[in-house]
There are 2 protein chains.
Amino acid sequence: MKAIVNVRLKNGVLDPQGRAIAEALRGLGFYEAKDARVGKMIEIELDETDPNRGALRAREMAAKLLANPVIESWTIEIAA
Amino acid sequence: MKAIVNVRLKNGVLDPQGRAIAEALRGLGFYEAKDARVGKMIEIELDETDPNRGALRAREMAAKLLANPVIESWTIEIAA
């Protein structure tokens, strides 16, 4: 099964990369782009058949390695 | 409204960062992590009220700036 961990910066944490993207979009004529924030999406191929256990383990992976809990939050999705 | 552009590497494109993550996960005891692939998630705050038009514009943004169409594919989500 596949676990998808979406990691994003917490609200209030400055995101210079996102700001640069929003400015570049406006420079290209996308004037409706008010702001942008950039996150990571990590797709993990799991050797696991129980979705509940897969989600639990993916949650541990996020907390231990994939995200920085001080400035980032994350969500987990399990796909077949 | 918010547009979320998920950018991922196409199948077949080597992802050394993802491979390093999978190895690090196994090193931490997550032996079920067979492989990992890393993508970007870009959340764009749009000054736009029509979701269809928002999706269309987000699709153009992805093709013009946010992704490299040679090696990456993308999906668009529209949120309120």
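How many residues does helix 1 of chain B have, and how far does helix 1 reach from its first C-alpha to its last? Select residues 16-27 of chain B: there are 12 residues, and the reach is 16 Å, close to the 16 Å expected at 1.5 Å a residue (the expected span being 1.5 Å times one less than the number of residues). Helices here are DSSP runs of H or I with at least four residues, and strands are runs of E with at least two, numbered from the N terminus.

A word on ground rules: this is a predicted model, where local features need pLDDT of at least 70 and side-chain atom pairs count only at pLDDT 80 or more, while totals for chains, interfaces and linings use all residues. Residues are numbered from 1 along each chain as written, chains are lettered from A and ligands numbered from 1 in the order written, and side-chain values use heavy atoms, leaving out hydrogens and water.

Next, pick Gly18(B), Ile21(B), Ala22(B) and Leu25(B), the buried residues of helix 1 of chain B (buried is under 20% relative accessible area, exposed over 50%, partly exposed in between, with a 1.4 Å probe and protein chains only). Show their surroundings: they pack against strand 2 (33-46) and helix 2 (51-66) of chain A, together with strand 2 (33-46) of chain B. On the other side of helix 1, Pro16(B) and Gly27(B) are exposed.

Terms used:
Contact = heavy atoms within 4.5 Å.
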